[in-house]
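I set out to record what could be looked up in a single chain, entry by entry. The notes below follow the order in which I consulted the coordinates.

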Amino acid sequence: RCSLAAWGTKARKIVRSMLFLLSLFVMVALSHAGDPDIGRDMIEIVKSKGLPIEAHSVVTEDGYILGMFRIPRPSAPVVLLQHGLLDSSWTWVANFRNQSLGFILYDAGYDVWFGNSRGNFYSLNHTTFRVDSDQFWNFTYDEMARYDLPAQINHALKVSGKKTLSYIGHSQGTMQAFAGFSMDHALSAKVNFYAALAPVAYIDHPKGLLPLLVDLDLPWIFQFFGVREFGADATIFQKFAPEFCKELGGQCENIVFWIFGKSNHINETRLPVYVSESPAGTSVKNMVHWSQAVLGDDFQMYDYGCSSHRCQNEEYYGQKTPPKYNLTNLNVPTGIFYGGDDDLADPTDVQRLIAAIPSQYVVTQQCVDTYAHMDYTWGEDAKTFVYDSVLEYIAKYNH
């Protein structure tokens with residue numbers, strides 16, 4: 001009876017999702033969105049603002065080919081921006097020139113680089129694996145921290161000729177950095193300042209998409225979504241969601257925020273623009289890892305499981321439990337910028353994160369009471385509440 005009840009709960013949630021998709025397709029016939037930025041990719045939207053942009057391909061140690069972008073300012077200090085979960089580099093240029101952090105940094109005199117994690121639509125290549133193979137999608141943020149992060153930092157420094165750079169991460173972009181910098185001090189020595197926006201390491205109080213995945217239980221997620229791409233129908237969503245959002249107005253906001261995280265400070269008329277390039281995709285295994293973080297109450301590597309019949313953790317790690325990321329090893333000057341109304345980077349969890357980092361490396365911690373998760377990239381007033389302060393610290397640590 002308990003299992004049937006659990007299945008009934010799952011089924012109801014799936015039906016709601018299916019009804020949402022059905023409504024989305026119906027709304028396609030009812031309206032046509034008209035913002036010129038709808039559907040513009042990274043290169044197109046940057047060029048539309050009158051700025052130069054370069055596309056770079058970077059090969060990781062394990063063979064993934066990542067797409068990076070650069071708004072070049074040769075000889076200037078380097079800043080690397082890393083996006084969050086289900087996102088892409090596009091998030092840093094999604095607003096107007098005086099609002100998006102990528103543009104603001106360039107106008108402030110920086111050489112601006114943008115990373116893209118394996119599995120999003122700018123990083124869908126590999127030297128050996130086909131993108132439609134199980135092997136390609138066998139990754140989580142563990143591999144992003146171990147391979148993607150150093151590959152992109154080293155490439156930006158090599159091309160620019162600089163010895164250090166400033167790193168700005170949002171959401172999963174902070175998770176990669178907390179893991180990567182605490183594991184690899186040769187890498188962290190190349191970072192003069194780290195700005196963590198809506199930072200995530202511990203996920204004890206989440207709302208939105210993650211609790212739903214946890215409710216479904218982990219083996220069932222693989223059974224339902226497969227073992228490859230999470231968000232495989234993202235292009236369908238991106239194609240039709242702008243029209244859907246225009247028709248539904250404020251109701252679209254609720255749906256979008258359920259998927260991507262809440263925002264309190266966005267220009268709602270830009271929602272069709274945002275959803276035309278989001279979600280950008282990741283692996284199902286990565287989403288399972290995020291779900292494990294909710295269940296496991298710690299910041300640790302992927303849990304392959306350990307039973308009396310077989311202990312896969314021992315096969316991968318040589319121990320029965322996944323290794324924990326040791327944040328006491330973090331040695332980069334770090335600014336923590338978090339919101340009081342963030343459903344994913346909950347303030348209580350952020351305080352736990354801050355307490356785990358050696359105090360001498362937390363150079364500032366700033367909370368904006370009304371800020372939510374996506375306000376740190378999509379917020380129309382983020383320059384005033386967040387970015388101006390971030391730029392002050394970047395300037396300080398580049399002298």
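The entries below begin with the whole chain and then turn to helices, cysteines and single residues.

**Entry 1. Basis of the notes**

I worked from a predicted model, in which local features need pLDDT of at least 70 and side-chain atom pairs count only at pLDDT 80 or more, while totals for chains, interfaces and linings use all residues. Residues are numbered from 1 along each chain as its sequence is written, and side-chain values use heavy atoms, with hydrogens and water left out.

**Entry 2. The chain as a whole**

I found 16 helices and 11 strands in the chain. Helices (H or I, at least four residues) and strands (E, at least two) are DSSP runs, numbered from the N terminus. I noted that 57% of the 399 residues count as buried. Buried stands for under 20% relative accessible area, exposed for over 50%, and partly exposed for values in between (1.4 Å probe, protein chains only). I then looked at contacts, that is, heavy atoms within 4.5 Å. Among contacts between residues at least 6 apart in sequence, 78% join residues at least 24 apart.

**Entry 3. Helix H4 against helix H5**

Two packed helices are described by the angle between their axes and the distance between the axes. I looked up H4 (residues 141-160) and H5 (residues 172-183), which pack at an angle of about 80 degrees with their axes 8 Å apart. Axes here are lines fitted to C-alpha atoms, for helices over the stretch in contact, and angles run from 0 to 180 degrees between N-to-C directions. The angle makes H4 roughly perpendicular to H5. For that scale, under 35 degrees is roughly parallel, over 145 roughly antiparallel, 65 to 115 roughly perpendicular, and the rest oblique.

On the H4 side, I listed Tyr-141, Met-144, Ala-145, Arg-146, Leu-149 and Ile-153 as making the contact. On the H5 side, the residues include Met-175, Ala-179, Gly-180 and Phe-181. By class, the contact of H4 with H5 has 10 nonpolar, three polar and one charged residues. In this scheme Ala, Val, Leu, Ile, Met, Phe, Trp, Tyr, Cys and Pro are nonpolar, Asp, Glu, Lys and Arg are charged, and the others, Gly among them, are polar.

**Entry 4. Helix H4 against helix H12**

I next took H4 with H12, whose axes come within 8 Å and cross at roughly 110 degrees. That angle makes H4 roughly perpendicular to H12. Tyr-141, Asp-142 and Met-144 of H4 meet Asn-286, His-289, Trp-290 and Ala-293 of H12. I recorded four nonpolar, two polar and one charged residues in the contact of H4 with H12.

**Entry 5. Helix H12 itself**

Is H12 largely enclosed or open? I counted 11 of its 13 residues as buried, so H12 is largely enclosed by the rest of the structure. Among the buried residues are Val-284, Met-287, His-289, Trp-290 and Val-294. I also checked the length of H12 (residues 284-296): at 1.5 Å a residue it should span 18 Å, and its end C-alpha atoms are 18 Å apart, which agrees. The expected span is 1.5 Å times one less than the number of residues.

**Entry 6. Two positive phi values**

Just after H12, Asp-297 takes a positive phi of about 60 degrees, although Asp-297 is not a glycine. I placed Asp-297 in the loop between H12 and helix H13 (312-317). Asp-297 is partly exposed, at 39% relative accessible area.

Ala-198, not a glycine either, has a positive phi of about 50 degrees. Ala-198 lies in the loop between strand S7 (191-197) and helix H7 (209-216), and is buried at 0% relative accessible area.

**Entry 7. Cysteines**

How many disulfides does a search of the whole structure find? I found one disulfide, the term being a pair of cysteine sulfur atoms within 2.5 Å. Cys-306 and Cys-311 form the disulfide, with sulfur atoms 2.1 Å apart. The torsion about their S-S bond is about -115 degrees, so the disulfide is left-handed. Cys-306 is partly exposed at 40% relative accessibility, whereas Cys-311 is buried at 11%.

**Entry 8. Gly-115**

I located Gly-115 in strand S4 (residues 111-115), and Gly-115 is buried at 0% relative accessibility. Leaving out residues up to four places away in sequence, Gly-115 touches residues including Gly-67, Leu-80, His-83 and Gln-152.
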